[in-house]
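User: I would like to learn how to read the features of a structural model with care. Could you take me through them, giving the general idea before each case?

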Amino acid sequence: MRIGEIAALVGLTTRAIRHYHHVGLLPEPERRPNGYRAYNVRDAVLLARVRRLTELGLSLDEVRDALAEDAGRELTEILEELDADLARQEADIRERRCRLGALLAEPPGATGPVSPALAALLAQAPRTDSPSAAKDREYLTLMDATSSGSQEIFALLGTLVADPAVVELYERLDALAEAPADDPRIAPLAADLMAAVPEELFAAIPEDGAVVTGFKEALLAEYTPAQAEVVGRLMDAFMERGRG
């Protein structure tokens, strides 16, 4: 293959390939009697690897280190790895399209870009205008975006959110919006909220409690004093049970 042909095959420009030659990332191939470079399949595989690694954000120095690990490997092994990598990309694209399709099917501003697991959980939740319920939806969305174990937790929460009685718990928390931090309704509500949590959920809590430093304080700041007292007691009991 000539440089223009291999460039078209792997999706690079001839200028990029010449640059890789210049910086020593890609060895210069032998030239034909007419002076043109003659590229082979291994050169194409190598360039495909370079393109993939640079698309992932690696610098050329980091790419050079990664390619050095491939030295001496059989061409078939490298091709199989590339094929597996493409299969992962295809699966990722299918998942993203599935999520996009779900978003397009929703009313504007319904839930936002969430995982299928969270979308299914929210679909089970009773309809309510409770401000406390709205806060919980926001926290679940944050968990969805940041926690690797959130999918299991969402599945376990399904029985809880599907219970119509959960709306009453939210309404009781809403009713504390103007109450002082020593309101007598705080302790019973915290106990009832804890009792509503499925037992299986405690086993799903990581040993460290999965609470980032400063998160609890930031979360409680979103509530009024009495509400923060309830939520704080719930979080403390929840983390303690999880560690136990």
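Analyst: What follows goes from the overall fold to the cores, a loop and the aromatic rings. This is a predicted model, in which local features need pLDDT of at least 70 and side-chain atom pairs count only at pLDDT 80 or more, while totals for chains, interfaces and linings use all residues. Residues are numbered from 1 along each chain as its sequence is written, and side-chain values use heavy atoms, with hydrogens and water left out.

User: How many helices and strands are there in the protein chain?

Analyst: Helices (H or I, at least four residues) and strands (E, at least two) are DSSP runs, numbered from the N terminus. In the protein chain there are 13 helices and zero strands.

User: What share of the residues of the protein chain count as buried?

Analyst: Buried means under 20% relative accessible area, exposed over 50%, and partly exposed in between, with a 1.4 Å probe and protein chains only. Of the 244 residues here, 34% count as buried.

User: Which residues touch the most other members of the largest nonpolar core?

Analyst: In soluble globular proteins, nonpolar side chains tend to be buried together. A nonpolar core is a set of buried Ala, Val, Leu, Ile, Met, Phe, Trp, Tyr and Cys residues joined through side-chain atoms within 4.5 Å. The largest has 18 residues, of which Ile17, Tyr20 and Leu47 touch the most other members. Helices H1 (3–10), H2 (14–22), H3 (41–55) and H4 (60–68) are the elements that give two or more residues to this core. Apart from it lies another core, of 17 residues, including Leu173 and Tyr223.

User: Where is Thr128 found, and what does it touch?

Analyst: Contact means heavy atoms within 4.5 Å. Thr128 is found in the loop between helix H6 (116–124) and helix H7 (131–146), and, not counting residues up to four places away in sequence, Thr128 touches Ala133, Arg137 and Val167. A polar atom of the Thr128 side chain lies 3.1 Å from the backbone nitrogen of Ser130.

User: Is Ser130 buried or exposed?

Analyst: Ser130, in the loop between H6 and H7, has a relative accessible area of 5% and is therefore buried. Leaving aside residues up to four places away in sequence, Ser130 touches Tyr170 and Asp174.

User: Which residues lie over the faces of Tyr36 and Tyr223?

Analyst: A charge sits over a ring if NZ of Lys or CZ of Arg is within 6 Å of the ring centre and within 35 degrees of the ring normal. Arg2 lies over the face of Tyr36, at 3.9 Å from the ring centre, and Lys135 lies over that of Tyr223, at 5.4 Å.

Notes: A polar contact is a pair of N or O atoms within 3.5 Å; within protein, one must be able to donate a hydrogen and the other to accept it, and residues adjacent in sequence count only if both atoms are side-chain atoms.
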